[in-house]
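Welcome! Have a look at the chain below, and then let's walk through it together with a few questions.

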Amino acid sequence: MTMPKLTRKLIETLEPRAADYSVRDTEVIGLGVRVRPSGTKTFILTYRLGGQLRKLTLGRADEGYSLDEARDRAREKLQDVRGGVDPQVEKVAERNALTVNAMIDHYLTDGPALKPNKKESSWETNRILFDCHVRPLLGRRLARDLTRLDIAKFQLDVAQGKTARNIKTGHRKRSKVTGGKRVAALSVVTLGAAYEFAILTDQLKVNPTKGVERFQTIRRERYLSDREVAAISEALAQFETEEPKHAVMADAVRLLILTGCRKSEILSLKWDSVDWEVGCLRLPESKTGAKTVPLADAAAELLRRRWDESRPPEPSRGHNSGEAPEGLERSPFVLPALKGNGHFVGLPNLWTKVKARADAILRQKASEAGKDPRDVRSMLNVRLHDLRHSFASFAIADGASLFMVGKVLGHKQARTTEIYAHLSDDPLKQVANRAAARLSAAMQF
């Protein structure tokens with residue numbers, strides 16, 4: 001019996017029956033159209049490999065998949081069969097291919113095993129970048145299919161705010177996700193780390209983030225002057241007078257100014273990290289690992305005051321034990337929480353008020369001195385981290401070397417301290433000015 005030639009018109013006329021049936025193509029051996037009782041029509045390829053008869057679904061014949069496309073794809077698959085490759089196995093592998101989301105999940109779950117020295121806070125930063133920027137734009141893509149151009153476009157999309165949104169994080173709590181060049185560049189670096197992990201664990205072979213030029217971001221450094229530090233000190237004293245509970249906040253800011261430590265290092269500081277004899281802080285953890293911070297006399301004096309003020313009250317009469325009553329033990333934290341047993345956590349919000357008060361103080365003093373308050377540099381853009389930068393700038397202005405400043409701040413790499421290199425010109429300029437002034441005076445006979 002001669003089979004009719006398979007055409008688009010013939011396919012359209014095929015009617016469903018009580019059971020599946022197929023109509024074979026006469027042009028490409030093994031190609032056919034399967035018709036199900038539901039009326040669904042699908043191109044299939046029947047082939048033999050290793051003596052076994054197998055079937056491969058190519059695509060729907062009733063959803064725009066043309067007969068010519070089906071024939072071309074069937075010829076490609078038959079060529080693979082002749083080469084000993086099973087198209088069915090390839091299809092399963094394709095279905096199970098690693099998506100970017102799956103790659104990220106593997107990295108966040110198993111990555112810590114290969115990076116035991118990476119801090120938990122760094123992993124949390126990675127997770128936020130993945131969830132807020134990478135997953136929304138690339139999560140469903142196959143990791144192996146991404147190209148350098150895809151990564152470059154991703155970086156541009158994040159920088160232009162395509163992932164920016166306002167999300168709900170809890171009861172009456174929302175978080176604003178923003179883009180920008182810095183976040184975009186960090187997202188590319190973080191995604192690259194996930195690719196490197198996948199390559200190291202034999203899941204992928206290529207990292208498409210390599211070779212992608214990342215946005216260069218300008219560091220926003222702010223250095224305080226003597227007058228600005230004095231204004232902050234006055235603002236802190238005012239807050240303490242108005243509300244005694246702000247003493248913890250005030251001492252936190254003072255310690256940041258006097259030690260050059262990071263915010264997290266000071267807020268989580270415990271008494272057992274204070275070496276009174278040597279005069280230093282022995283921090284078990286920091287951004288760069290365990291480190292020792294030398295204590296200036298002013299910082300040590302502040303800590304001794306806090307130690308004395310945190311001493312539990314004497315037990316009342318009738319109290320048999322020599323220990324403080326339950327609930328009145330000394331907190332292990334130098335800066336204890338106002339409520340609960342942890343450390344103080346409300347500094348960022350209060351800092352906004354402190355710098356606003358300091359800004360007002362500076363403008364008032366300028367006005368009293370007959371100057372225009374509008375010429376005063378605003379304090380509203382000063383970050384807590386700028387107190388650390390200012391510690392370095394004051395040290396360098398007094399003649400300290402970049403090497404010594406880096407040691408005090410706990411920098412592991414010299415290039416980290418190099419951001420303060422331009423400040424070292426100031427003391428040199430002062431020397432030049434003093435020498436030139438004497439020479440100039442000598443030349444005036």
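A nonpolar core is a set of buried Ala, Val, Leu, Ile, Met, Phe, Trp, Tyr and Cys residues joined through side-chain atoms within 4.5 Å. Please keep in mind that this is a predicted model.

Q: How many helices and strands does the secondary structure of the chain come to?
A: The chain has 445 residues, and 36% of them count as buried. Its secondary structure comes to 16 helices and 9 strands.

Q: Which element gives the largest share of the largest nonpolar core?
A: This core has 42 residues, and Ile-232, Met-249, Leu-281, Leu-303, Leu-335 and Leu-347 have the most contacts inside it. Elements that give two or more residues to the core include helix H8 (226-242), helix H9 (247-259), strand S8 (280-283) and helix H12 (347-368). The largest share, 8 residues, comes from H12.

Q: How many residues are in the other core, which lies apart from this one?
A: Ile-151, Phe-154, Val-188 and Ala-198 are among the members of that other core. In total, it has 25 residues.

Q: Is Asp-202 buried or exposed?
A: Asp-202 sits in the loop between helix H7 (181-200) and H8. Its phi is near 65°, a positive value in a residue other than glycine. Exposed means over 50% relative accessible area. Asp-202 has 71% relative accessibility, so this residue counts as exposed.

Q: How many residues apart are Asp-25 and Arg-71, which link distant parts of the chain?
A: The side chains of these two, Asp-25 and Arg-71, meet in a salt bridge (3.0 Å, N to O), and both residues are buried. Asp-25 is in the loop between strand S1 (21-24) and strand S2 (31-35), while Arg-71 belongs to helix H2 (residues 67-82), and the two are 46 residues apart.

Q: Is Glu-228 buried or exposed?
A: Glu-228 forms a salt bridge with Arg-377, the closest N and O atoms being 2.8 Å apart. Glu-228 is in helix H8, whereas Arg-377 is in the loop between H12 and helix H13 (385-397), 149 residues away. Arg-377 is partly exposed at 42% relative accessibility. Glu-228 has a relative accessible area of 4%, so it is buried.

Note on methods
Residues numbered from 1 in each chain as written. Predicted model: local features only at pLDDT ≥ 70, side-chain atom pairs only at ≥ 80, totals over all residues. Heavy atoms only, no water. Buried < 20%, exposed > 50% of the residue type's maximum accessible area, 1.4 Å probe, protein only. Helix = DSSP H or I, 4+ residues; strand = E, 2+ residues; numbered from the N terminus. Salt bridge = Lys/Arg side-chain N within 4 Å of Asp/Glu carboxyl O.
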